[in-house]
Structure formats: C-alpha cells, structure tokens
Amino acid sequence: MFKKYFSAGLLLWCPLVITLWVLETIIRWSDSVVQLLPPNLRPEVLIGYEIPGIGLVIAAAVIFVTGILVANFIGQWIVSRWERFLEKIPLVRPIYSGVKQILETVLSDRTQSFHDVVLVEFPRKDCWTYGFVVATPGAGTQKEMGGEDMITVFVPTAPNPTSGYVVMVERAAVRKTSTSVEDAFKFHVSLGVMTPAAQNAEKSPEAAPENASGTATQA
C-alpha cells in the first residue's frame, strides 16, 4: 500500500519538478543576455523592477529583427562579406561553416531530417533501436562505400538524446516505422520503458497485445 501511494506521488511531483527546473534554467540563462546591454538600457533600470524571462523575449526579438534585415539584398551582401572574412580565420572557419550547414539543413522547409523514424541494428547485429534519418550521403561517399543506396541515421544515447552516434547504413538494412519522433525520443529518455507499443496499448485497452520485438537501446 505504501509503495502504491508513494509511486503515485512520485508520478505527480517528478515530472512537475523537472519541468519547472528546465523552465527555470532556460529563463535564468536568457536573463543573462540582459547583462550584455549597457547598464542604463537594462529593463530593470527602464521599468524600475526586474521581470523574469525578459531576456528570452529580448533574444527572440533580436533574432527576428536580424532575420528581417539579412533577408533583403543589402543584408545578404553584408552577410556574404562577413562570411568571407570568417573563412580567412583558420580556427573559426570549420566551426562556423559546420554549424551553419547543420542549421541550414535542420531549418530548411525541404529537409527530411528528423522526420522519419527507423529501426536500425545498433550497436551490433540483431540488436535493434530507434534512429532518425537525418540525411543522404553524397554521391562520392556512396561510391566509396560500393555504390549502395545509403542513408545517414542519428542514434541517440539514453537517457540523454542530445548526444548519440551518427552511422551510415544501407537503406535496405533499416526498417521503416510508423512511430512518431516524439514517441521515439520518449523511448530513449525513459531507457526503453515508454515504448510506442506500450503507449498505444494504454490508449486502446481493448487492443490485442503485440509480440515483443527485442528492440534495444544503449543506456
């Protein structure tokens, strides 16, 4: 009885506390942006009191306004000159170009990155886990790998999905799934406890249980 009620309390408070902790961390980090402003232009000076989260609003506004400025011809010309200058700096060039290419791929409306969830054998044969299709290797890379139809798959680590492994595998070697990106991330974060099959069973109690598939993840 104690375990039942204690577990019920944990299920209520743990997600709430973790959510509040993440939000508080984001707000605290965003408020540090305000410290970059001159002292006489900071919100607490202009308004008279400090507003938590105002840094996040300012950062979003700066990014939006900057996007408007660089979207026109003059802004693109300035950015191109700035990027040419950065390309001349040995240490900065690979970092800047790499981050920009990643963001262009992820933010592009035409990209299929992180849209498709597949089952991939990892870290060895006959061990399966969820991965995300992020790209297709270039023709040169595919030629070096024997001309096979390859895809690039990101396999998150558990329980921290922000890190992981990037593998290139044959398209025929992965299995397509109907699993959503959100459910696949939940699978890794929960150390495999929250499987898409289990979630579907909870939503549809009358549904027949599916056979276990031997899906695995790395902890």
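Modeller: Two strands pair if DSSP finds at least two bridges between them. Keep in mind that this is a predicted model.

Biologist: Which residue in β3 is the bridge partner of A135?

Modeller: Start with the strands. β2 (residues 128-135) and β3 pair in the antiparallel sense, over three bridges. V133 of the pairing stands opposite V153 in β3. For A135, the bridge partner in β3 is T152.

Biologist: How many bridges join β3 to β4?

Modeller: β4 covers residues 164-170, and β3 and β4 run antiparallel. The number of bridges joining β3 to β4 is seven.

Biologist: Is β3 buried or exposed?

Modeller: Buried means under 20% relative accessible area. M150, T152, F154 and P156 point one way from β3, while I151, V153 and V155 point the other way, and all are buried. That is seven of the seven residues of β3 (residues 150-156), so the strand is largely enclosed by the rest of the structure. The answer for β3 is buried.

Biologist: Which are the edge strands?

Modeller: The open sheet has five strands with antiparallel pairing, in the order β4-β3-β2-β1-β5. An edge strand here pairs on one side only. The edge strands are β4 and β5 (175-176).

Biologist: Which helix packs on the sheet, and what angle does its direction make with that of β2?

Modeller: The helix is α7 (residues 181-189). Helix α7 touches β1 (116-121), β2 and β3. Its direction and that of β2 make an angle of about 130 degrees.

Definitions and conventions:
Residues numbered from 1 in each chain as written. Predicted model: local features only at pLDDT ≥ 70, side-chain atom pairs only at ≥ 80, totals over all residues. Heavy atoms only, no water. Buried < 20%, exposed > 50% of the residue type's maximum accessible area, 1.4 Å probe, protein only. Helix = DSSP H or I, 4+ residues; strand = E, 2+ residues; numbered from the N terminus. Contact = heavy atoms within 4.5 Å. Axes fitted to C-alpha atoms, helices over the stretch in contact; angles between N-to-C directions.
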